[in-house]
Amino acid sequence: MGTPLWTTEAAAKTRGEWKTEYVRPGEVPFPEENPYTTEKVNLGHKLFFDPRLSGSDYISCATCHNPSFSWGDGLPTGFGHKMTKLGRRTPTVLNSAWGELMMWDGRFESLEEQALGPMGAEAEMNQELGGIVEELRAIPGYRTLFNVTFPGEGISIANIAKAIATYERTIVSGIAPFDRWVAGDETSISTAAKRGFDIFNNKANCVSCHSSWNFTDSGFHDIGLPDDDIGRGGVVKNMVKMQHAFKTPTLRNVVQRAPYMHDGSLGTLKEVIDHYSEGFTKRESLSDEMKPLNLNDDEKADLLAFLLTLEGADPVVAAPVLPANDQVPGAWLQRLSPAAGGQAETAECRTARLHLRRCK
Amino acid sequence: MRLSMLATAFVFAFATNAIAAEVAVTQKGRKFSEKKIELSVGSSIKFINDDDVTHNIHSTTKGYAFDVGAQKPGQTIVHTFGKAGKVKIRCAIHPKMKIKVTVK
Ligand SMILES: [Cu+2]
């Protein structure tokens, strides 16, 4: 093998050529198995914000994936059921339509598969999956919504996942000053930020992992954070390079999502830049793309200025009005318990009530 | 496309005596040169890393799992498919890189 062609190609790439690699896509990709419908988006939006999906009825997806923190929770690691401290930081769900494997360690193959994970997880939402279907069926508004969205199918685990996943795919970062620059408006970002863009693509080689318009390769890399979580290594066993490897996060709106990394261990973007420049742990699993950069203060400031241009004017997310709990007398039956002088509701009657039928 | 057609031609021509073929697949710009490949049992794929980053080809398909380990730019690795079936191959580092291999 002589000198590989790429070396000369890469060296010759100009700022203008790099810009063409970051052009925003024209549309959101939806999978064939779960195509877009507005009904799914509306239903998924409600489910995402509905705490009744959790065992305690007080945690929704949006409790942790909070749009006010760019779909994270602003914590080093979040809290789940009964305030259980979670092992990893809540990642954003922004631009997840373009993702490949889900979670920091890629253990889920799709958004649909992922959606059912947290509801069932004891530490997160602690809900029995079978119980969810029953609980939603008891809410008249959801029965209607599911029937309209999935004609002839109604409420099921698979349909809950499909609606949530479709809603998540519509969560797309808005146009940022960087996008206007890529589109040709030279005044939309500072000269410092433009120099930062050059550093990002060349000297600092951030692009080798944070590539394309969404600033991620959807890949797994060990970037030398010193904690002992082995990340992807727990899923893909016996592979040196997967030890301590985590999924590359998007950098869109990144300023809104401190603290950073899977363990929330870096408080600011400056700390992140220092980490890449000279602060990472060297070990066998460390990515081959991680090299000491020794950036000077000017270069670090330029890189930071560039990262700040990725903050978009995202649309305001409305908190949806959720379907009300059932108002039919069935609920009162329970109050008439034997202790209260009434008759306890039998299992049969409960099932009948949940299906809006009478029981004898 | 040309390569998989070539591979299919082998399957048809030598189905009975299962002649082994070698198909070349390059990795460049974090993409495989092929998305789907058909091979006869005993055939191999020669994976060439023409990229500027390390790749790591592996499969987690039950019964066909393998891992070639870290493959640096310029390195070539050959993997032979010993039995019939459908194998999903990915790069462990860049999971968007994937190929479906059908071994007949
Ligand atoms: Cu790769």
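Colleague: Which residues make the nonpolar surface patch of about 380 Å²?

Modeller: In this predicted model, Tyr58(A), Leu75(A), Phe79(A) and Met83(A) make that patch. Tyr58(A) belongs to the loop between helix H3 (38-49) and helix H4 (61-64) of chain A.

Colleague: Why is Tyr58(A) called partly exposed?

Modeller: The relative accessible area of Tyr58(A) is 45%. Buried means under 20% and exposed means over 50%, so Tyr58(A), at 45%, is partly exposed.

Colleague: Why does Thr248(A) count as buried?

Modeller: Thr248(A) has a relative accessibility of 7%. The limit for buried is under 20%; therefore Thr248(A), at 7%, counts as buried. Thr248(A) lies in the loop between strand E2 (246-247) and helix H11 (269-279) of chain A. Leaving aside residues up to four places away in sequence, Thr248(A) touches Cys209(A), His210(A), Phe215(A), Thr216(A), Asp217(A), Gly219(A) and His221(A).

Colleague: What makes His55(B), Cys91(B) and His94(B) donors of the copper ion?

Modeller: Their atoms ND1 of His55(B), SG of Cys91(B) and ND1 of His94(B) lie 2.0 to 2.1 Å from the copper ion. The cut-off for donors is within 2.8 Å of the metal, so these three residues qualify as protein donors. Their spacing in sequence is H-x35-C-x2-H. Both Cys91(B) and His94(B) are buried.

Colleague: How is the confidence in chain A described?

Modeller: The average pLDDT of chain A is 89, and 86% of the residues score at least 70. Over residues 1-10 of chain A, however, the pLDDT is below 50, and this stretch has 6 contacts in the model beyond near neighbours in sequence.

Notes:
Residues numbered from 1 in each chain as written. Chains lettered and ligands numbered in written order. Predicted model: local features only at pLDDT ≥ 70, side-chain atom pairs only at ≥ 80, totals over all residues. Heavy atoms only, no water. pLDDT = per-residue confidence, 0-100. Contact = heavy atoms within 4.5 Å. Patch = residues over 30% accessible without salt bridge, like charges linked within 9 Å, V, L, I, M, F, W, Y side chains within 5 Å. Areas by Shrake-Rupley, 256 points an atom, 1.4 Å probe, with all protein chains shown as cover. Salt bridge = Lys/Arg side-chain N within 4 Å of Asp/Glu carboxyl O. Helix = DSSP H or I, 4+ residues; strand = E, 2+ residues; numbered from the N terminus. Buried < 20%, exposed > 50% of the residue type's maximum accessible area, 1.4 Å probe, protein only. Donors = N, O, S within 2.8 Å, 3.2 Å for Na, K, Ca; no water.
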